[in-house]
Amino acid sequence: MLLDTRMFLSSTGDMSGSAPQIEAQTDRNSSRVIGSIVALALGCVFLAVFGVVQPFGGTTALFERPDILIAALAIAAALGWRLGRAVGETGWLRAVGSGIAFGLLLPPIAMLVSVIAVATDAALRGATNPLIALGWGVAWAIYGTFIVCFYGWVFTVPVGIVWALGTRALSSIRITSMVRRSTRPTARFVVALVSIALAVGTVQAVTYAPKDARCLDLQGGAPTDAAFSPAGDLLAVTLQSDPNAPGTVVLMRWPSGEVVDSWSAWVDDSVAVDPVGRVYWSAWVLSFSGEGEPGDGVFTATPGSAPVLFATGNESELNDLTWTSDGLRGTTPNSHQVARIPLTGSSRVEVMHDRDAVGAFWSSASGTTTVTGPTYVGATLQLSTANGTRSVPFSGDARSVALSADGQTIVEAGWFDGTRFIDVKSGSSRLVLRGSQAFVALSENGDVAWANEEQYGHGRLCTSTLARLD
């Protein structure tokens, strides 16, 4: 790399008229390289500021995923390379216009790369075949692009303008490139984006699941929830392939995985099982046939018997349904309050605490220990025991929570940032499962069950232990 190669060329003579051609090539390559470097630098600054300010309440998990960060910087650098020439060879006003174009293009390009990466991940892990992944990818890209652009442009357009001004200011620097001038810059740009997406998807497929995880393919759809019995010898799972149709409830012996019984029934995303194998689950029933159809509420079944409606009425379809010795507990679907349904069955849901809305809930089988999380991004989790309630420092959006048998570790699955172990005493946390888990279930024996939330294809019930995940 040499600066001001025009001085070098003029000092070497005519060189058979090749100087203007080399100079033109150098100018164009210089603008592209400078545009790429400026975009990369701004990306690093933006991520650094984003990590310090944390405008959405917590971005720790983002910086624990280097593949995503590297891909984001690579996308910005590639777009800077593609538009760099347009900025370097025009005046300041047109350069600003190119900067606006940079800002407008960045969110949809990032969305498309993400869709291809997720589809690649799903196909490599066997969640779906490549053709289905491609079809779903196009549908998600169309939908997601509107959402991403609406919010993303607020940040990316100003950044794009800054990029254009910086690139234009540095465009006088001449960089000798050993690469011939590209005659198809757009095609190379597309190839670069697809390569980034495939690389990210491959990394996710290889590294995002524990090597020793035991994953089961259950018939009936994707797992929506799972629960261990108090002794940890039984595991109940709800499965669903279409929210507008009945799903499946499966009861297994654990850890053998032997299926005790299964039922076709309306299911939601909340299930519980008692010590003797009675299964309970919440369900919203879609029915247009009138009389004879069961209503919404909590259903129950025992091995060898058909499902029956256990409790119905206003807000009886409890979320985070949990069996305890003094009744079923969970959170009401509308007011998001901790509630109880007596084990005798009742249409009356008893709200246990009238307080702030609860987004995630867990209870011990005795009912003496509970963990709750806020409905949206919050700063603490609440741990209640017989000795009182304490706040455990936490920054994130809890989707599912559970407490280890020794009371020292909270297992928390976030909506977007994977599953973490949170130390009760210090509040320190560490990421143990990447991606996004639809739920996390924990047994008294330290067994952990979860299902990765799949954008394409079916999900699998995966299990491990606290010790192996740690």
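This is a predicted model: local features need pLDDT of at least 70, side-chain atom pairs count only at pLDDT 80 or more; totals for chains, interfaces and linings use all residues.
Strand β14 covers residues 358-363 and is mostly covered itself, with five of its six residues buried. Its neighbour β15 takes up residues 370-374, and five bridges hold the two together in an antiparallel arrangement.

**A four-stranded sheet**

Elsewhere, β6, β7, β8 and β9 line up in that order as an open sheet with antiparallel pairing. At its edges sit β6 (271-273) and β9 (308-312), each of which pairs on one side only. From one strand to the next, the twist averages 25 degrees. Inside the sheet, β7 and β8 pair over five bridges, and Ala-283 stands opposite Gly-297 in β8.

| Strand | Partner strand | Bridges |
|---|---|---|
| β7 (residues 279-283) | β8 (residues 297-301) | five bridges |
| β14 (residues 358-363) | β15 (residues 370-374) | five bridges |

**Helix α3**

How far apart are the end C-alpha atoms of α3? They are 31 Å apart. The helix has 23 residues (66-88), so at 1.5 Å a residue it should span 33 Å, and the two values agree. Along the way, α3 bends by about 40 degrees at Arg-82.

Technical notes: Residues are numbered from 1 along each chain as its sequence is written. Side-chain values use heavy atoms; hydrogens and water are left out. The expected span of a helix is 1.5 Å times one less than its number of residues. The bend at a residue is the angle between axes fitted to the seven residues ending there and the seven starting there. Two strands pair if DSSP finds at least two bridges between them. Axes are lines fitted to C-alpha atoms, for helices over the stretch in contact, and angles run from 0 to 180 degrees between N-to-C directions. Buried means under 20% relative accessible area, exposed over 50%, partly exposed in between (1.4 Å probe, protein chains only).
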